[in-house]
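Hi everyone, thanks for making time. Let me put the sequence and the model up, and then I'll walk you through it.

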Amino acid sequence: MVHFTAAWCVPSVAMNPFFEELALCYQDILFLSVDVDDVKEAASKMEITAMPTFLLMRQGTQIDKLVGANPDEIKKMVDAFTPQFRSSKISI
C-alpha cells in the first residue's frame, strides 16, 4: 500500500496518522509513504497527479487506486484485498 504525499499538502499530512495506524493493524502488508517531491520519477511513472493518492499494489502491479483523503474508502480497499485479515481495530 503506497501513500503518495507531499509535505505542502494539508490533506496528505492529515492522513499520515491514519496510514500509520493501518500499517500497525495490517502487519502482513507493506505500507510505504512516498513524497512526490522527493521521488518525482516514481510519482510520474505511477501517474500521480493529485495528493493524497493511495495505491494498492501486488508484486509491482497496481490493483486499486484512491485519490483523496477518505479513510473509510482506504480501509475498504485494504479489507477487500485481504479478507483473511479483516480487522475492526480501526474505528476512525
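So, let's begin with the largest nonpolar core: it has 15 residues, and the ones touching the most other members are Met1, Leu22, Tyr26, Phe31, Phe54 and Ile74. By nonpolar core I mean a set of buried Ala, Val, Leu, Ile, Met, Phe, Trp, Tyr and Cys residues joined through side-chain atoms within 4.5 Å. Buried, in turn, is under 20% relative accessible area, exposed is over 50%, and partly exposed is in between, with a 1.4 Å probe and protein chains only. Two or more residues of this core come from each of α1, β3 and α3, and α1 gives the most, with 5 residues. Apart from this core there's another one, of 9 residues, including Val2, Val34, Val36 and Ile48.

A quick word on where this comes from: the model is predicted, local features need pLDDT of at least 70, side-chain atom pairs count only at pLDDT 80 or more, and totals for chains, interfaces and linings use all residues. Residues are numbered from 1 along each chain as its sequence is written, and side-chain values use heavy atoms, with hydrogens and water left out.

Now the sheet. Helices (H or I, at least four residues) and strands (E, at least two) are DSSP runs numbered from the N terminus, and two strands pair if DSSP finds at least two bridges between them.

Strand β1, residues 2-5, pairs antiparallel with β3, residues 53-58, over 3 bridges; here phenylalanine 4 stands opposite threonine 53. β3 also pairs antiparallel with β4, over 6 bridges, and methionine 57 has glutamine 62 in β4 as its bridge partner. In the hairpin of these two, with 2 residues between the strands, glutamine 59 takes a positive phi near 50 degrees.

What about helix α3? Its buried residues are Ile74, Lys75, Met77, Val78 and Asp79, and they pack against α1, β3 and β4, where contact means heavy atoms within 4.5 Å.

Last, the cysteines. Cysteine 9 counts as buried at 8% relative accessibility, and cysteine 25 is buried too, at 17%. How many disulfides are there in the whole structure? The search finds 0, a disulfide being a pair of cysteine sulfur atoms within 2.5 Å.
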